[in-house]
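Visitor: I am new here. Please show me the structure, and then I will ask how you know what you say.

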Amino acid sequence: MDINELYISAVSLTRYLLAGLAVLITGGCVVSLVTRRFGSRVGSYLVEFKTKKRIPLTRWENSIGRSPTCDVILNVATVSRFHAVISKRRTGWVVADTGSRTGVYVNGEQIGKPVVLKHGDKVSFGTSVFEFFDVDVDDAEREAEKERRRQAKINARTVARADNRGASFLPAIIDEAGDKAYVIGCDSCTIGRSPDCDIRLKYHSLSSEHARVSKIGNGWYIEDLGSTNGTKVNARFVTNGRRKLRDGDIIGLGGVIFVFDEHYKIKKN
Amino acid sequence: MSDKTQKKKKVKHPFNWLSMLMLTTIFQLISMMPVVFLTEEPNVEVVSVFGGFILVQWLYFICARNFASQRATELEIIAFALSGIGLVTVASVKPEYALKQFIAILIGLAAFIVLVAIMRNVEVISALRIPVAIGAVGLLAVNLVMAETVNGALNWINLGAFSIQPSEIVKIAFIFVGAATLEKLQSARSLTRYLIFSLGCVGALFLMRDFGTALIFFATFVVIAFMRSGDIKTIGLICTGAILGAGLIIYFKPYVASRFAAYRHVWELANEGGFQQTRVLSYSASGGLFGLGIGEGRLRHIFASTTDLIFGILCEEWGLIVGFCVVLCFAFVAVYALRIARHARSTVYSIAAVAAAAMILVQLALNVFGVTDLLPLTGVTLPFVSRGGTSMICSWALFAFIKSADIKTYPKLEKQMEE
């Protein structure tokens with residue numbers, strides 16, 4: 001075999017090698033590109049005010065509107081097709097009206113220029129009302145509430161153990177600090193700010209008729225009476241109907257925390 | 001237990017960059033051999049350029065890995081592999097081209113790194129938007145005044161030792177300006193200013209008679225307009241207007257249409273308007289699956305073989321498989337861009353990635369289908385592979401847009417966001 005022949009066979013060999021390598025390289029890159037997984041992080045929530053449904057906002061710019069191309073689709077007649085954008089900026093979360101017909105309202109005021117949203121702000125697009133929750137603030141708050149609940153339980157137990165003699169048992173709600181107990185004296189007690197209520201609580205965040213605790217069968221139930229700031233049991237909103245109460249449940253009435261004690265011992269007399 | 005940790009590891013390092021880089025290097029070394037031994041004595045310049053290219057490639061990956069903790073480097077592997085194919089082909093046709101092409105790759109890589117760094121911060125992008133737009137329009141205006149007509153298109157500025165093609169640089173600016181929308185998202189009105197900018201660019205390209213690039217710009221504009229406004233009606237209106245406008249231009253300026261006279265008639269005009277296309281078709285067919293071997297083809301002697309017709313050379317000398325792999329790489333980069341756009345942290349990155357992918361795909365289609373007579377031959381380059389400095393820089397920059405959409409490109413930022 002002379003050099004010329006060797007050269008020719010080497011050239012033909014490289015042709016196959018090149019094709020094979022090209023397929024390998026392409027295959028490797030393509031498989032990696034196509035199978036790559038991306039995570040997305042929820043930055044904030046919109047909570048529908050009536051149903052308490054949570055809508056996560058995962059991007060830095062979230063378009064809101066009736067159009068199916070929006071990130072948050074609101075199929076309500078009063079919402080424009082491209083209604084607003086909520087975006088994350090250095091200043092925080094900003095809501096901007098993108099030429100909607102019915103406007104964007106933050107805490108009841110219509111916005112012209114983009115407005116920075118704070119945790120807990122009320123945002124409305126047309127007639128749909130939302131609460132805005134920043135995840136970072138929300139997480140911190142939830143941690144704090146957990147800690148408060150733990151503390152409240154300890155306090156309530158201390159009160160309950162304080163005096164056992166000559167006591168009768170009645171259900172009661174004990175406030176967070178554990179130094180005040182409100183006994184539920186009737187089978188259907190209303191709670192609220194108004195003097196007409198069976199249990200009168202003077203907190204500003206409570207509605208005049210906030211909630212009702214009632215006995216049905218052997219169990220106790222709580223229901224919300226259309227309060228402004230809502231009623232929570234174990235950090236969950238009581239939306240429609242009643243929620244059964246169990247001993248030690250945490251009741252949130254407009255942000256004020258109580259512990260439900262089914263067998264609260266009170267002194268005779 | 002071990003299974004779990006393995007799975008975790010797999011997710012953390014999704015791409016085995018080292019083995020891919022080695023495969024790519026072997027591929028490049030094999031393809032370089034025939035070019036080096038083509039002549040009686042190995043050409044020193046070509047050998048050093050090839051060596052330099054492989055060295056730069058390894059340097060980039062080692063630095064990216066160790067100093068910038070880049071975990072996903074598929075895009076760069078594809079870019080380097082394609083650039084290597086282009087470099088070898090160009091050098092095999094004319095050794096003098098090799099150094100220029102290598103310098104273009106270096107500048108392209110630098111542009112890639114700089115652009116990825118700029119794209120890190122949304123505020124910076126937003127601040128640069130207007131200067132970049134003004135600069136782009138200015139460049140096109142200078143081009144209209146100063147440029148020389150080369151091959152029927154008026155888009156080269158001669159700067160002594162080398163000449164640049166401003167329309168390629170404006171491509172980068174076009175996407176940059178289009179993506180940099182922050183507050184005025186999703187309203188048809190916000191499009192007005194961008195529409196004026198786009199009209200300026202496309203109009204200037206029409207005046208330069210660079211219809212291929214004008215078409216690329218228009219297609220990219222439609223993609224950006226849709227992503228910004230989400231409004232199909234407005235875009236339908238714009239498209240109808242554009243088609244009408246193009247029809248009017250062809251009606252009143254017949255010389256435009258005459259440039260496309262050979263389209264679908266290449267075999268009738270095989271030695272006139274269809275000269276290049278017919279050669280590409282018959283020579284690439286003779287290449288078969290595995291090609292004739294680098295340097296063995298005949299298409300290399302045809303005019304513009306290393307720029308417009310380079311896909312033909314690939315098919316003839318490297319074989320249909322390699323040609324198909326090149327196309328597949330671009331297609332899947334586009335698929336990747338679409339996927340990442342849905343998870344990008346900001347709309348800016350979604351728009352930039354999808355627009356860049358659209359630009360690459362349209363250019364690829366115009367080039368590949370142009371030389372095979374499925375579309376009119378408009379004389380656009382094949383990204384990364386074709387000879388041409390500005391085209392190479394633009395291709396790298398377009399990849400930078402796709403790269404920056406992935407949060408993993410910025411490990412520090414990713415950490416910050418998780419905290």
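**How do we know?**

Guide: Start with one pair: A:Thr190 has A:Arg212, in S16(A), as its bridge partner. This is a predicted model, where local features need pLDDT of at least 70, side-chain atom pairs count only at pLDDT 80 or more, and totals for chains, interfaces and linings use all residues. Residues are numbered from 1 along each chain as its sequence is written, while chains are lettered from A and ligands numbered from 1 in the order in which they are written.

Visitor: What makes strand S14 and strand S16 of chain A a pair?

Guide: Two strands pair if DSSP finds at least two bridges between them. Four bridges join S14 (residues 188-192) to S16 (residues 211-216) of chain A, and these strands run antiparallel. So they meet the rule for a pair. Strands themselves are DSSP runs of E, at least two residues long; helices are runs of H or I, at least four, and both are numbered from the N terminus.

Visitor: Which strands of chain A are called edge strands?

Guide: The open sheet has five strands in the order S15-S14-S16-S17-S20 (chain A), with mixed pairing. Its edge strands are S15 (199-200) and S20 (242-245) of chain A, since each pairs on one side only.

Visitor: Why is chain A called more spread out than a compact globule?

Guide: Chain A has two helices and 22 strands. Its radius of gyration is 30 Å, well over the 18 Å that the globule rule gives for 269 residues, so chain A is more spread out than a compact globule. The radius is taken over C-alpha atoms, and the rule is 2.2 Å times the number of residues to the power 0.38. Along the principal axes, the C-alpha atoms of chain A fill a box of roughly 120 × 50 × 35 Å.

Visitor: Why are H8(B) and H9(B) called roughly antiparallel?

Guide: The axes of H8 (residues 191-207) and H9 (residues 211-229) of chain B come within 9 Å and cross at roughly 170°. Angles over 145 degrees count as roughly antiparallel, so H8(B) is roughly antiparallel to H9(B). Axes are lines fitted to C-alpha atoms, for helices over the stretch in contact, and angles run from 0 to 180 degrees between N-to-C directions.

Visitor: How many residues does each chain give to the contact between chain A and chain B?

Guide: Chain B gives 43 residues and chain A gives 37. Two residues are in contact if their C-beta atoms, placed from the backbone, lie within 7 Å. H14(B) gives the most to the side of chain B that touches chain A, with ten residues.

Technical notes: Parallel < 35°, antiparallel > 145°, perpendicular 65-115°, else oblique.
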